[in-house]
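Welcome! Here is a short briefing to read alongside the sequence and the 3D view.

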Amino acid sequence: MESNNFNMQAHPGSIDHLPREIQLRILRYLAPLTLVQCSNVSKQWHDLCFDGSLWRSFDTSTFYRRISSQELVKLIKLTSPFIKDLNLRGCSQLNSYDAMTISKSLKNLEYISLDGCRQFDQTALSRLLTENQNLIYSDFSSLSTFNNTGCLTMGMYCHNLQFLDLSWCCGMDATGLVHILRNCRQLNDLRIAGCRGVDNGSFMKELHDLNCLKRLSLASCSSLRDECIRIFVHGSTEPIRNDFATNRPRVKPKRLEYLNLSYCFALTSQSLIDLAYVMPNLREIELAGLPAITDDGFRHLLQSTPQLSFLDCEDCFEISDRTLEYICNFDCRRSFKHGQFSNCRNLTDEGAIKLIKECPLLQNLEIDNTRVSDKVLDYAVEITRDRVLGLFKKLVPLINRNLIAMPKQEDFSGVILRMTVYDCPEITWESVLNVMRRNSERIAIEIKKELNESKLNAESDSRKFKLNEMTVSKNGPQDEVDGTKELEISDEQVLFPSGFIELKCYFGWQRIVDHHMTRLLKGQFDHAVDLEQDWAEFMTDDPDYKLQEYAQKVLPTGIIIGNKNAAKAMDSEVLSEIGPNGAVGFLIGSILPARRPMSRVRRAALLEELSVSAGDDDNLFPQRLMSARGSSRSATRQSCSIM
């Protein structure tokens, strides 16, 4: 007992007995305000809490609203020798005196963000830039006090600058930016949205000579014209000549990976033609709000950007399905992930379907306010289902050979495709219902557990599972495992979600879709299918609207769309209604309920869940229609489930 008491005194229940490095690692997870409070515990804790390694990054975004400006300035002054990364974004409570005090105390900054700090006047900014000549990252966006004098000071002292955001700084123009471009030769990310005077030839010439630039944003620069783009590409306004051998423009390739020219209304397709073969590494380009751009300009640009993954053409009224065909025909289709074609009223089903088909990595497609119809959503349902099944068919042999571990169900419960189709008059609720039904599908994989006693004794801590190929029938033939003797097999089925299609549609249906997606993400597949049937009944008085036709498409693929126990309880008459596809014995579950000549009653529990306390106007289904159709659901119908 005495030895135990001695050990307790030598090692109290605190972090004092830990090495200093571990103590600092623990304190690193605390917020700045919490560190200040912990510093009052003792002298040792005060020394720990104000260690320089804990204050290299000072982010006020999480607590600046809870303290006064005097307390914030005092805390910055106390830790200023250690701060290298300062984020004051949104600290509007600071006055001009506080800004000057902060600028005088900071001398080791490398990263700074002053977005929204309106009281930082030109004097404080000049002092800040003069004292911190090792700046690498500077975000002064929406800072109206930053003018051409600040640009001159930055160009004189901040030669190591790599990131600069001066978007919507109304006090400066392109003339001041010339000083920065001439002296900050390591700049690789420049954002000057809304800048005035970018048609200055000297500015575009300096921009042309900046070879290390990787990201450039010139959005909403109304003075930007085709001649400016030619200077940026070629260095002069002379026409760009083609090479005799390759028939390509004689220009020096640039390192640009991101380019934003949105809402530069004066640009035409000639700018895209001039940009062709200049940006071979381009991955993202934003061209929203350019009404004069046509399909011909995109043909030249897309042909020369094989790594393109993001394209924003919102409000480009002149483009048509040809632009989508160019994406599918060129090399960029292999890397294309995000396409925004909102308000492109000439787009039809043909272009959208081809884009979904030819771009295997497509994750986001915005085609709202276009001429697309239900065919696009129906095709998205089919192709995503086929791709997920193809993925599982490739994984099964690898798991059989123990080359990869058994995947988790959570690995397949994410969104695989986002589509925006609101304001499309040809989109009906039926295709939206099909998307919801497709999201409720799950894939069944049969696990074969080996019960060989010798192997269990030799490897008691590891269980070997064998996965059969996709189940085609309940009583299908059993394959031999690695050519060995017959083993006693215990079949277990594991259900994997087939991924979800996140849909943005007509606002009157959007709430139904959002509730359905929320239940799927929570794993409440039974409730999700209940919502599908309730919506179908609300729209057509038939909870199983076109369900047989849907089941005939799903059954041959090996998808479980119901509950296993419910499927076993179904009689042969119900399965015979499906047609010849029902003979394969897939588990279709109670999503195809038995029609029995009995009274139908809507479940009260679901009504309570769908009701909204805010009022009748916010309900998913109007209460008066609910009550009118309250006796339209069978009491004996099995609960819809995906489990």
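Buried means under 20% relative accessible area, exposed means over 50%, and partly exposed lies in between (1.4 Å probe, protein chains only). By that scale serine 220 is partly exposed, because its relative accessibility is 26%. This is a predicted model, in which local features need pLDDT of at least 70 and side-chain atom pairs count only at pLDDT 80 or more, while totals for chains, interfaces and linings use all residues. Residues are numbered from 1 along each chain as its sequence is written, and side-chain values use heavy atoms, with hydrogens and water left out.

**The chain as a whole**

- The chain has 25 helices and 18 strands; helices (H or I, at least four residues) and strands (E, at least two) are DSSP runs, numbered from the N terminus.
- Of its 643 residues, 48% count as buried.
- Contact means heavy atoms within 4.5 Å. Among the chain's contacts with a separation of 6 or more, 77% are between residues 24 or more positions apart.

- The predictor's confidence in each residue is given as pLDDT, from 0 to 100. Its mean over the chain is 78, and 76% of the residues reach 70 or more.
- Over residues 1-11 pLDDT stays under 50, and the model has 1 contact beyond four places in sequence for them.
- Where pLDDT is low, the predicted coordinates should not be read in detail.

**Helices side by side**

- Axes here are lines fitted to C-alpha atoms, for helices over the stretch in contact, and angles run from 0 to 180 degrees between N-to-C directions.
- Helix H8 (residues 148-157) packs with helix H9 (residues 174-183) at an angle of about 10°, their axes 7 Å apart. H8 is therefore roughly parallel to H9 (angles under 35 degrees count as roughly parallel, over 145 as roughly antiparallel, 65 to 115 as roughly perpendicular and the rest as oblique). Asn148, Cys151, Leu152, Met154 and Gly155 of H8 meet Gly176, Leu177, His179, Ile180 and Asn183 of H9.
- Helix H13 (residues 295-303) and helix H14 (residues 321-329) have axes that come within 9 Å and cross at roughly 10°, so H13 and H14 are also roughly parallel to each other. Their contact is made by Asp295, Phe298, Arg299 and Leu302 of H13 with Arg322, Thr323, Tyr326 and Ile327 of H14.

- Cysteine 313 is in the loop between strand S10 (310-312) and H14, and counts as buried because its relative accessibility is 0%.
- Leaving out residues up to four places away in sequence, cysteine 313 touches Leu287, Ala288, Phe298, Ile319, Gln340, Phe341, Ser342 and Cys344. The C-alpha atoms of cysteine 313 and leucine 287 are separated by 5.3 Å, although these residues are 26 apart along the chain.
- Phenylalanine 330 is in the loop between H14 and strand S11 (338-340). With 17% relative accessibility, phenylalanine 330 counts as buried, and beyond four places in sequence it touches Arg299, Leu302 and Gln303.
- In helix H15 (residues 349-358), the residues Asp349, Gly351, Ala352, Leu355 and Ile356 are buried. Their cover includes H14, strand S12 (364-366), helix H16 (374-400) and strand S13 (415-420).

**Rings and charges**

- The structure holds 14 aromatic pairs. In one of them, the ring centres of tyrosine 263 and phenylalanine 265 are 6.1 Å apart with planes at 65°, so the pair is edge-to-face.
- Rings of Phe, Tyr and Trp (its six-membered ring) pair if their centres lie within 6.5 Å; planes under 30 degrees apart count as stacked, over 60 as edge-to-face and the rest as tilted.
- Tyrosine 263 is partly exposed at 30% relative accessibility, whereas phenylalanine 265 is exposed at 52%.
- Ring pairs also link Trp429, Tyr506, Phe507, Trp509, Trp535 and Tyr545 into a cluster.
- The charged end of arginine 215 sits over the ring of tyrosine 258, 4.2 Å from its centre (NZ of Lys or CZ of Arg must be within 6 Å of the ring centre and within 35 degrees of the ring normal). Lysine 254 lies over the face of phenylalanine 232, at 5.1 Å from the ring centre.

**Two positive phi values**

- Most residues other than glycine have a negative phi.
- Serine 220, in the loop between strand S7 (215-217) and helix H11 (226-234), has a positive phi of about 60°.
- Aspartate 541 has a positive phi of about 65° and is found in the loop between helix H20 (525-540) and helix H21 (547-554).
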